[in-house]
Amino acid sequence: MPKTPEDIIRDEIQAMSGYHVPDSAGMVKLDAMENPYRLPPQLQAEAARLVEAAALNRYPDSGAVRLKARLREVMAIPPGADVLVGNGSDELIQSLMLAAARPGASVLGLEPSFVMFRLIAAFCGLRFIGAPLNSDFTLDADRVIEVIAEHQPALVFIAFPNNPSGNLFDPEAIARIIRAAPGIVVVDEAYHAFAGQTFMPRLGDFPNLLIMRTLSKLGLAGLRLGVLAGAHAWLKHVDKVRLPYNVNVLTQLIAEKVLQHQDLLAQQATLIRAERARLFGELDRIPGIRPFPSDANFILFRARGANDIFAGLKRRGVLIKNLHESHPALAQCLRVTVGAPEENAKFLGALKEIVSAG
Ligand SMILES: *Cc1c(COP(=O)(O)O)cnc(C)c1O
């Protein structure tokens, strides 16, 4: 008798609903922390020339040697650390978890945080342990250390700044967690460009610390490039799990070129930070809306009737992220990406209209 999909597919995968990406055609897209700015025309033209000349008939450089050298320089990765690149940081999370997925092993994440930590743990057959943040999304290191002592997780993931709350945690609280963890601690610095704080210079202080970065929030989400830095003793094993040609030719060429213009990415991040301050001020002035301070390129806010606000914005052509019902700590919460000034104005106009009508 042939088996059914229900016989073959793992129960935990059957129980999942799959990562839903909403249709955003024609909308003001403020749901996914993308950078609103394109590359300037001259750099677009340089990238086009690279694409024209690229040897698409050949496999990419599996070691991504030139790109890694550039990343080391731009991200100030300490010379003693190894570097791995991935097809987005999502893939690096997956490679790490696959490498550590001994039977019974667990992954610890803070809650609420980036949902991919929990999802990818399930893909890899790892147990996921959620350690709660305080209700204002700050980090209670003592509590996390207790959970670590109980579950002895192979991996701990800390997003710094955190998504979806946008805040940086106290670095000393993180340092205590790194010292208390029996295994790897990954500090995920996806929003580094908007935060101005990093654990990168402290990589050498903690043998079990790995730092993750991505180009996704920096204006290159379409390229899919994630970066993992840390001790060779760990990364040599993760590198074996990485699929041989995981970062394609075009991504390697274009990322390497764009990273030669670091100043430009930094300028865009500065614009976004200024716009974030303006957007926060405006949100704070709307009755019934409570924005949380952010060190990232998005703002979490609480509003009575979050579902109606989300739907009303959508009807008015503005897509943000509805987090109500995603986690009890995020009741009545919505998350908006900081866009270009005209996008933020559309969002604020629509929001004020909805709130005053409600
Ligand atoms: C957006 C985000 C990422 C980025 O993932 P990519 O796969 O590199 O696009 C990683 N970590 C956190 C916390 C994020 O919010």
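The shell around the ligand is made up of 4 nonpolar, 5 polar and 4 charged residues, where Ala, Val, Leu, Ile, Met, Phe, Trp, Tyr, Cys and Pro count as nonpolar, Asp, Glu, Lys and Arg as charged, and the others, Gly among them, as polar. The model is predicted, so that local features need pLDDT of at least 70 and side-chain atom pairs count only at pLDDT 80 or more, whereas totals for chains, interfaces and linings use all residues. Residues are numbered from 1 along each chain as its sequence is written, and side-chain values use heavy atoms, with hydrogens and water left out.

The ligand is surrounded by 13 residues, of which Asp188, Tyr191, Thr214, Ser216 and Lys217 are the closest, a residue being counted if one of its heavy atoms lies within 4 Å of the ligand. A nitrogen atom of the ligand lies 2.5 Å from an N or O atom in the side chain of Asp188, while an oxygen atom of the ligand is 2.6 Å from an N or O atom in the side chain of Tyr191. Of the 390 Å² that the ligand exposes when taken alone, the protein buries 93% (Shrake-Rupley method, 1.4 Å probe).

Helix H12 spans residues 306–315 (helices are DSSP runs of H or I with at least four residues, numbered from the N terminus). Its residues Ala306, Ile309, Phe310, Gly312 and Leu313 are buried, meaning under 20% relative accessible area, with exposed meaning over 50% and partly exposed in between (1.4 Å probe, protein chains only). Seen down the axis of H12, these buried residues fall within an arc of 165°, so they line one face of the helix, the arc being that of the directions from the helix axis to the C-beta atoms. The face turned away from the buried side of H12 carries the exposed residues Asp308 and Arg315.

How values were computed: Helices (H or I, at least four residues) and strands (E, at least two) are DSSP runs, numbered from the N terminus. A polar contact is a pair of N or O atoms within 3.5 Å; within protein, one must be able to donate a hydrogen and the other to accept it, and residues adjacent in sequence count only if both atoms are side-chain atoms.
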